[in-house]
Each structure stands twice: as structure tokens, then as C-alpha cells.
Amino acid sequence: MIRRINTILAAFALCASFTSSGAIADEDKKVDRKTDEFKAIRALEGTWVGLNAPQGEKPITLVFRPTAAGSAVMETIGPGSDHEMLNVYTNTETGVFLTHYCMLGNQPRLRLTSAKDGVLKFEFVDAGNLKSRDEAHMDSLVITVKGDQMTKDWSMYQDGKVTGHHMFEFKRQ
């Protein structure tokens, strides 16, 4: 009896995997993951080391790597550090999005609004774990890439306005 139940469960699991594989294949047809904008994000793959670290501090390291069969790019900021954060870039039917998993405990979601001449501009769409847009959060990002050099300009937003910019420079390792 148990053997028969196990056989039925195995058959069900096999059928379910074929069904979900078909659904994934259908979804891949809907979402073009090869847009020029997403290719620009995928081209960042590798390790980047921060320049101009404050005296006595280690430079910030970024690691970009594709994940989820190439449908997303994961950027780990400060891997292994106490302040490690994560950015996940995805390409959807409505554009390229970035979700920033911040040490502030919120998750702003930004949309790529412009990609021209190595300059990628992201603007705030919404956020997880943010009661109001007026709470402190990262609100926009401009990534500028010139060869093996990259700058990231994050804007902090609170109480209805940009309250500061956090500028970082990196070199590909």
C-alpha cells in the first residue's frame, strides 16, 4: 500500500514538474530578458572594489552575478560584512527593476527610466516595509560605467525631499 502511494506521489510530482516547466517556458516567451537595458546590468558581472575608502577602513566590495537562469542579476554590497546589503535587478514586461534590500530594513523598488551612454538612471516606484514614502529610504540611483570604472550615486529621501546623496566609486577587479 505504501509503495503504491509513493508511486502515485512520484507520478504526480513528475506531471507537476512538466506542467510547471511548460508554464516557465510560456513565461519566458512573454518576457524578453535580452533588452539592451538588461544587458547593461548583466555586463556588470564580477567583483568591483571601492575607491577612496576612509583612512583605516576596508574599501566597499560589490559582487554582481546572474541568477535564476539569467532572469535576474544579484548584486551583493559588502559581502560578509555587518552591513551587507543586496540589490536584485529583474527584467519584466514593464521594464527593468531594482529591489534594494537595505540595512534600514526597507526594500525600495526602483525602475530603470533611462539607459544611455553608460548611464543608468533608476527612480522610486514603491517599497516594502515602508509605511510612507516620507520615511527614510534610498529613492533613486544613477550608475555610470566607463570601461572598468563605475560610480553609483544614491539619493536618500525623507520628509518629502531628497536629504542627501551617497556617491561611491568602484573599479572592476
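These exercises walk through loops, strands, pockets and a core in one predicted model.

Residues are numbered from 1 along each chain as its sequence is written. In this predicted model, local features need pLDDT of at least 70, side-chain atom pairs count only at pLDDT 80 or more, and totals for chains, interfaces and linings use all residues, while side-chain values use heavy atoms, with hydrogens and water left out.

**Exercise 1. Find where A69 lies, and decide whether A69 is buried or exposed.**

Step 1: Start with the strands, which are DSSP runs of E with at least two residues, numbered from the N terminus. A69 sits in the loop that links β2 (61–67) to β3 (72–77).

Step 2: Look at the backbone. Phi of A69 is near 55°, which is positive although the residue is not glycine.

Step 3: Apply the accessibility classes (buried under 20% relative accessible area, exposed over 50%, partly exposed in between; 1.4 Å probe, protein chains only). A69 is exposed because its relative accessible area is 87%.

**Exercise 2. Work out how β9 and β10 pair, and what joins them.**

Step 1: Two strands pair if DSSP finds at least two bridges between them. β9 (149–158) and β10 (161–172) pair in the antiparallel sense over 10 bridges. Within this pairing, T151 stands opposite E169 in β10.

Step 2: Inspect the connection. The two strands form a hairpin with 2 residues between them, and D159 in the turn has a positive phi of about 50°. D159 counts as exposed because its relative accessible area is 57%.

Step 3: Find another partner of β10. Strand β1 (residues 46–50) pairs with β10 in the antiparallel sense over 3 bridges, and G50 has F170 as its bridge partner in β10.

**Exercise 3. Describe the surroundings of A115.**

Step 1: A115 belongs to strand β6 (residues 107–116), and A115 is classed as partly exposed because its relative accessibility is 38%.

Step 2: List the contacts, meaning heavy atoms within 4.5 Å. Leaving aside neighbours within four places in sequence, A115 touches E37 and L120.

Step 3: Check a distance. F38 is 77 residues from A115 along the chain, yet their C-alpha atoms are separated by 9.6 Å.

**Exercise 4. Characterise the largest pocket and the second largest pocket.**

Step 1: On a 1 Å grid over the protein atoms alone, a pocket is an open set of points where a 1.4 Å probe fits, with protein on both sides within 12 Å along at least five of seven lines; lining residues have an atom within 4 Å of a point. Points are joined across faces, edges and corners, and volume is the space filled by probe spheres set on them.

Step 2: The largest pocket has a volume of about 520 Å³. Of its 23 lining residues, I60, I77, H83, M85 and F168 are the closest to the centre. β2, β3, β9 and β10 each supply at least two lining residues.

Step 3: The second largest pocket has a volume of about 220 Å³. Its lining has 13 residues, with N52, A53, P54, I60 and F168 nearest the centre. β10 gives the largest share of this lining, 4 residues.

**Exercise 5. Identify which residues touch the most other members of the largest nonpolar core.**

Step 1: Such a core is a set of buried Ala, Val, Leu, Ile, Met, Phe, Trp, Tyr and Cys residues joined through side-chain atoms within 4.5 Å.

Step 2: The largest core has 26 residues, and F64, Y89, F122, L141 and M150 touch the most other members.

Step 3: Beyond four places in sequence, its contacts include L44, W48, V73, Y89 and M150.
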